[in-house]
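Biologist: I'd like to learn how to read a structure like this one. Could you walk me through some features, one at a time?

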Amino acid sequence: IAVDSVMQDSLNPETKPLDAPVKYSSKDSMVWVMGGNATLYGSSSVQYQNIGLDAAVVRMRIDSSLVYADGIQDSSGNWTGTPVFKEGSTPYESTHMSYNIKTQKGYINHVVTQQGEGYMTSRDAKKGPDGEYFIKDGIYTTCDDHDDPHFGIRKF
């Protein structure tokens, strides 16, 4: 019996569809290139189920469900439009991030998130599929200056 070629992905027969549509938008422009890659410029947003990502620049690899996000550095060295990843009601601010929509795994650089009355920051963090986070150079502080706290609990 011949297999229906429409039902299979010709590049990867293991590919499974997502459970819901991915919604995306940008204020400036969107560039789509052959091979299923897209780049969103200017206040870009990607939404999937209870997961959201906002950043100045978002790159998507549709075939692999990978999403990359970055901010933009101006001529003074200040960052704008840095990525904000939101899972449920918890936001995670960072300078760069990548996330796989299918596996729900991600990698975040310089993450900041509010935890209770304080802030959790780390240089690098990995998100596992079950909601666990693995951090490097982590600091928990109640100091409002969470980028350069005067005090905190550190994990190296």
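Modeller: Happy to, and keep in mind that this is a predicted model. Let's begin with a charged pair: the side chains of Asp137 and Arg123 meet in a salt bridge, 3.2 Å from N to O.

Biologist: Where do Asp137 and Arg123 sit in the chain?

Modeller: Asp137 is in the loop between S13 and strand S14 (138-141), and Arg123 is in strand S12. They are 14 residues apart, and the pair links distant parts of the chain.

Biologist: Which residues do the salt bridges that share partners join into one network?

Modeller: Arg123, Asp124 and Asp137 are joined that way. Besides its bridge to Asp137, Arg123 has a salt bridge with Asp124, also given as 3.2 Å, N to O.

Biologist: Is Asp124 buried or exposed?

Modeller: The general idea is that under 20% relative accessible area means buried, and over 50% means exposed, with partly exposed in between. Asp124 has 15%, so it is buried. Arg123, at 34%, is partly exposed, and Asp137 is partly exposed too, with 25%.

Biologist: How many salt bridges does the count come to?

Modeller: The count comes to 4 salt bridges. One of them pairs Asp70 with Arg59, whose closest N and O atoms are 3.5 Å apart. Asp70 lies in strand S5 and Arg59 in strand S4, so this bridge ties together parts that are 11 residues apart in sequence. Arg59 is partly exposed, at 34% relative accessibility.

Biologist: What about surface patches? Which residues form the negative one?

Modeller: Glu93, Asp144, Asp145, Asp147 and Asp148 form it. Take Glu93, in strand S9 (residues 90-93): its relative accessibility is 42%, so it counts as partly exposed.

Biologist: And which residues form the nonpolar patch on the surface?

Modeller: That one is made by Tyr24, Met30, Trp32 and Ile62, with about 390 Å² of accessible area together. Met30 is in strand S2 (residues 29-33) and is partly exposed, at 35% relative accessibility.

Biologist: Now loops. Is Ser65 buried or exposed?

Modeller: Buried, with a relative accessible area of 7%. Ser65 lies in the loop between strand S4 (51-61) and strand S5 (66-70). Leaving aside residues up to four places away in sequence, Ser65 touches Leu18, Tyr99, Asn100, Ile101 and Lys102.

Biologist: Is Asp130 buried or exposed?

Modeller: Asp130 is exposed, with a relative accessible area of 70%. Its place is the loop between strand S12 (118-127) and strand S13 (133-136).

Biologist: How many residues separate Asp130 and Lys105 in sequence, and what is the distance in space?

Modeller: They are 25 residues apart in sequence and 8.7 Å apart in space, going from C-alpha to C-alpha.

Conventions:
Residues are numbered from 1 along each chain as its sequence is written. This is a predicted model: local features need pLDDT of at least 70, side-chain atom pairs count only at pLDDT 80 or more; totals for chains, interfaces and linings use all residues. Side-chain values use heavy atoms; hydrogens and water are left out. Patches are made of residues with over 30% relative accessible area and no salt bridge: like charges are joined within 9 Å, nonpolar side chains (Val, Leu, Ile, Met, Phe, Trp, Tyr) within 5 Å. Accessible areas come from the Shrake-Rupley method with a 1.4 Å probe; for residues, only the protein chains shown count as cover. Lys and Arg count as positive and Asp and Glu as negative; His and the chain ends are not counted. The place of a charge is taken as NZ of Lys, CZ of Arg, CG of Asp or CD of Glu. Helices (H or I, at least four residues) and strands (E, at least two) are DSSP runs, numbered from the N terminus. Buried means under 20% relative accessible area, exposed over 50%, partly exposed in between (1.4 Å probe, protein chains only). Contact means heavy atoms within 4.5 Å.
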